[in-house]
Every structure is written in structure tokens, then in C-alpha cells.
2 protein chains.
Amino acid sequence: MIATPYLLYLGHADDEIGIKTARGLAVFRPEICLGEFRDDACPLTLGLPRLSFAEAVTAGARTLVLGIANSGGMLDPAVVRDAARAMEAGLDIASGLHQRLKDEPLLAETAARTGRLLHDVRDPPPGLPTGTGSKRPGKRLLTVGTDCSVGKMYTTLCLQRAMAKRGIACDFRATGQTGILIAGSGVPLDAVPADFIAGAIEQLSPTRHDDGWDLIEGQGSLFHPAFAGVSTGLLHGAQPDAIVMCHDPSRRLMRGLSDREPPNLATCLAANLAVARLTSPAVRAIGLALNTSSLEETEALALCRRMADAFGLPCTDPFRMGVEPILDRLLVEYPLSVAALAGATR
Amino acid sequence: MIATPYLLYLGHADDEIGIKTARGLAVFRPEICLGEFRDDACPLTLGLPRLSFAEAVTAGARTLVLGIANSGGMLDPAVVRDAARAMEAGLDIASGLHQRLKDEPLLAETAARTGRLLHDVRDPPPGLPTGTGSKRPGKRLLTVGTDCSVGKMYTTLCLQRAMAKRGIACDFRATGQTGILIAGSGVPLDAVPADFIAGAIEQLSPTRHDDGWDLIEGQGSLFHPAFAGVSTGLLHGAQPDAIVMCHDPSRRLMRGLSDREPPNLATCLAANLAVARLTSPAVRAIGLALNTSSLEETEALALCRRMADAFGLPCTDPFRMGVEPILDRLLVEYPLSVAALAGATR
């Protein structure tokens, strides 16, 4: 287990998408985030107190979370130096990057000398099975997207919160480093050996018999030329009854690419349903989730209405407007059993 | 590098598909395969001399190749014991299984004591990039399939041989353990971390300017619920100009599964073309390759004719009947440049 509370590391990041791990933690687990560490040059903030390593330790922080991400997941030399200094000050280090903390000689040496711990959240669990595609009991929802970083984790977490609030049994199933740090468990899907993508998800979301829902965090996009394999295996392993399509209407180019536009939303939705049908023939789309942070509120509401009409699906910005329309539709399409309803209205 | 010649290990395997690594080596690199090691109970043979470990060493063998495979890629305890005995006799060990030789205490200890080497062919190379999807120069052919183990590697190797025989520049690009042992290099795609599937293939098959062909070994199937993620990333990373669909007409159930039939061939072909178009919009199917080993010759020929008529594509059993019809079609659809033709007819 990773010791809390956390100090969240922004360093010299200057890209909002690059700090999504830190922001996700600040938003969904504010009670364990004491402050943020950032360079003078960093134009971004999570709105948390800005603390030095020593100040954070004095305030009770236990772990520095490298809440940064970049395509490829490599550790910047400046980040390595900062992490070593944080250990000297008394903090453990947690990272979700592909490049492992323990593989950095400076960090391994500092950890050995100071007794501080290095947590590589992206180490996949050993002994993963291959997928079977056999239908297993339980209801599952998976978020999918037109691109990476369009709100799949946020949407899934918002749905989990709203569902739990209604008293319905449900579990958030994390598939990325931020989700794992938030949930306390999960599988770092992008680091799983390719043969085990679907099997890892079958294991992450096992048989359930309580009429509740597994809400599974999506990854990548079927239309991202680097990551569509991950998204495909995730669709097959999840066997979703329901999918929610996530989209950022301000995105002009696919994440990390200079020559590729995001796909048409209808094309993308149809492709996701087609791939999902291999292991979940009755899969249905039950909502659209937009990240409207680039739009004025009236524009955002108008866009959601237009999309809802065009697709015949509830459309909302989960973070800004809530997920109630999607949740309502889900519960109409998949009514709770009498037993679960009794639980939900208790 | 792995020392040759090889002794090929069959052990107590009783499943022809399970020994496909050993058979692939015996067929495509007979000059480096001295013999086979098998238990009395093993009903299979590669037609090579049956040798004990001591006899193999006396005959000059340098490495025991664990030429066996199973779903999940685990090492059987009996195999571990045999490998340790082989090392005592003087042989290095090479394996393409997921479970690493070096992670087996008995083997690690025996290797350290005897000075023999353990080669885990499935260790992916470090520092892989993520995919870009950007079009790169060069012509590429990828084999795809209705299932795992339907002849993708054989078809690719047969195409490479036939093309080289015509004097056309071409390279076999290995993506599985057998292919890597045959080619001497490649990427063990099923062990690559999920985020890097497409990027690994972009690296494996780089830009080429000689008007020749990269012939890329396919993996899995878009319709296998465990491995479709691998196949998807491979299609995107390969950017194939041409695909050849491989199929085993005797296959009743998908490899390793008890409840799933192989897909319809036309559906499967259309799905592969649709997925490939994300990074190679002009991709074309240029042939069908059947594994007809379960059929009489007249039946096999009749089936190939029927399929060719139904799909409007050349259809052959590459191993039994050669790949000339597919190669002819390829060269009609993608004519060689004058310079390459001069080379080819020299």
C-alpha cells in the first residue's frame, strides 16, 4: 500500500493534459492531497497549497506522487533529481510512468540509503490469464472514447459516485495509473503484456451476483493508431452491457499526433459497438459524455442538446452538469431487480 | 546470439499445434536442426533423429530449443527438469514461452553453476516507441487470420522464399517466438507492453526505399477474444499495402476455447480491411491462404478453387501448393519499378 497523504508533483509541466494524474487525485481524493510541488516556471496549479518537500513533510505528507504523464511515459532527468531530493526530505515516491523508478540508479541508490519506498503503479500483476470471452454474470459499463484523455476516467468516476449515492451496488474498476491511485487497486492496462490485455480485464471485473454494476475505466481509442490494440482488448475483456462514448469537442488533433484528426463520433460509436459484440452481443450505447471545458456554459448546454437529439442518447458533461441523464437511461434500459431496488431505496 | 545447431525439444507434447515452434524450425531451418528430444509417450515427431541430451552434445548440438507452446505460455515442471538435465549435459536453453527460464530457480541455479546460457526469446526489446500512424515509405504485406495458429507464419515465410527466388528485395519480419528463432531477429509481439504494440511494429518494419517488400508475420485474430488487441495493433503498426487472409477450414473451435466457432471468412476479411484502413487507407486483400493438411489433395484443390471464385482472390495452400498465385497477383497490383525489375530479372 502507498502511504498517504500525498504531495502532488507538477514540476515544470506546462500542459494541462500532462498533469491529469495529479488533477484526478486532487479532484476525486481531495482528503488525501495535502499540497502541490511546482517549479516557478510551471504555469499550472491544482489550487492546492504550494509546498516544498520539507514543508510537505512537516505538514504530514508521506508520499510524493509524480502526477505527470507524457506520451511514452519516460522520466525527465529534472524529475529524477527532484524525486531524489524528496526522498532525502523524507517522502516515498509513487509514479505511474512506464519508465520505472526502481530502474533509475539515482533513485534506487537513494531509496536503499534512506529507507524510503519507490512505488511503480504501472507494474502489471504477475500471473495474468489470457482471455476466454466466455460470458460471465454481472452487469458492466465501459467508457470508450474518440481519443485518449477525453474524460473516460472522470466519466466513470462520476457515474460510480452518482450510482453509489442512489444506493446501488457498484465498483469503479481502474485501468490506468491515476485511476489506480484513486481507487487503491486496479490493473495498469497499458503496461500489461499484449497477450493478456483481455484476460487482465476479465480478472479485474469478475463474476458478480448482487445485481450491481462494474463501472470500468476505458483507455485509448479504437481510432488512435498507437493505442487501438489496448482499446480492443479492453472492449473484449470487459464484455460491456453498456458503453458510454466520451469526446472532447475542442480536440483538433489526436493526442500526441500532428497529422491526424479525431474520428467522426457516429463512426467511432458504431466501431466500438461492432468490436464489443464479439464478447457481448447485446451491448448498447447508453450515453455520450462531453468534456466541454473549452466552451461557455450556454454553448456547452446547446451542444449537449444537439448531440442528444442527433444520437437519440442522453448527452452531458459529467463533471460540469452531472451524469444523471445517463444514469437514468441506464436504469431504464437495465432495470434493477426487486431485491436491488429495496437496497437502493433503503 | 543463440548458439547453433539446435536440438528441438518435444517432451511429452501430444498436440500438433503445441509443437509448432519446433516444426517451424525443422521445416524452415533444417540446416541448423540436428535432432529432436521426445519422451517415449510423445506420439509426435518432426522426422529428425531422436537424440538424448548426451547424444546431441556428442553430435555437436549447442542449444536445446523448447519448441513447445501452450495458451498462456507456462513452463511445465517436467520441462523444467528436462531443461536442467540438458544444461548438465552441456546444452544452452532457448525458449519462447511467456514464463521466463531465468525466473525458474532450478534453471537459474543450474545455469549459474554450469555456465550454460538461458535465452528467453520472448523478452521484448527495451525502449520501444509508441506508434505514430504516419505513413512511411516502403511496401508492406501482412498476413492476418481467422484464428491463431492457422498458418500466418508459414504463409509469410513461403512468400518471402518465393519472392527472393524471383530476385525481389524482401525481408521476413518476425513477430513471434518461432519466427524470431527462424529469422534470427524480430519482436515478440505478444510480450510487448500493450501501449507499444503498434510502435513496436513501426520499429520492426521501418522506412524502405529499394522498392522491395517487408513481409510481416501476423498474430492472433481480430475474432479471438483473447488476442484481438494484438492483431489490431499489428494491423495499425504494419500499415499494410496488402493483406493475405489465412484460414484453417478444419478448425471447428477457436484455438484454446471450448465455446466459440471461427468467424465467417468474408466477415473476417472485411473487418481486417476496415481496421487496417486507419493507417493504410488504400490497403487491399491480395490472397487467401488455407491450411489444407486435413484434406485429400483433390478436395484441397477443389476448395481453393471454390474460395478463389467466391472471393475473387487467388487461394492456395502455401505449404502444399506454393504461393505463386498470390505472388503473381501481388506483382500485378503493385508493379515493380523499372530498377527493381532489372534487379529481379538479373
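What follows is a short chat about strands and their neighbours.

Modeller: Here it is; keep in mind that this is a predicted model.

Colleague: In what order do the strands of the open sheet in chain A come?

Modeller: The order is 7-8-6-9-10-11, which makes six strands, and the pairing is parallel.

Colleague: Which strands stand at the edges there?

Modeller: Strand 7 (170-173) and strand 11 (315-316) of chain A. Each has a single partner strand, so one side of each has no neighbour in the sheet.

Colleague: How many bridges are there between strand 7 and strand 8 of chain A?

Modeller: Four, and the two strands pair in the parallel sense. Within that pair, Arg173(A) is opposite Ile216(A) of strand 8.

Colleague: And which strands does helix 9 of chain A touch?

Modeller: Helix 9 (residues 265-276) packs on the sheet and touches strand 6 (139-145), strand 9 (242-247) and strand 10 (284-290) of chain A. Its direction is at about 150 degrees to that of strand 9 of chain A.

Colleague: Switching to chain B. Are the residues of strand 8 there buried or exposed?

Modeller: Trp213(B) and Leu215(B) on one side, and Asp214(B) and Ile216(B) on the other, are all buried. Both faces of strand 8 (residues 213-216) of chain B are therefore covered.

Colleague: What does strand 8 of chain B pair with?

Modeller: Strand 6 (residues 139-145) of chain B runs parallel to strand 8 of chain B and is joined to it by four bridges. Lys139(B) faces Trp213(B) in that pairing. Strand 7 (residues 170-173) of chain B also pairs with strand 8 of chain B in the parallel sense, over four bridges. There, Phe172(B) stands opposite Leu215(B).

Notes:
Residues are numbered from 1 along each chain as its sequence is written. Chains are lettered from A and ligands numbered from 1 in the order in which they are written. This is a predicted model: local features need pLDDT of at least 70, side-chain atom pairs count only at pLDDT 80 or more; totals for chains, interfaces and linings use all residues. Two strands pair if DSSP finds at least two bridges between them. Two residues are in contact if their C-beta atoms, placed from the backbone, lie within 7 Å. Axes are lines fitted to C-alpha atoms, for helices over the stretch in contact, and angles run from 0 to 180 degrees between N-to-C directions. A residue is buried if 20 or more other C-beta atoms lie within 10 Å of its own, exposed if 12 or fewer, and partly exposed in between; C-beta atoms are placed from the backbone.
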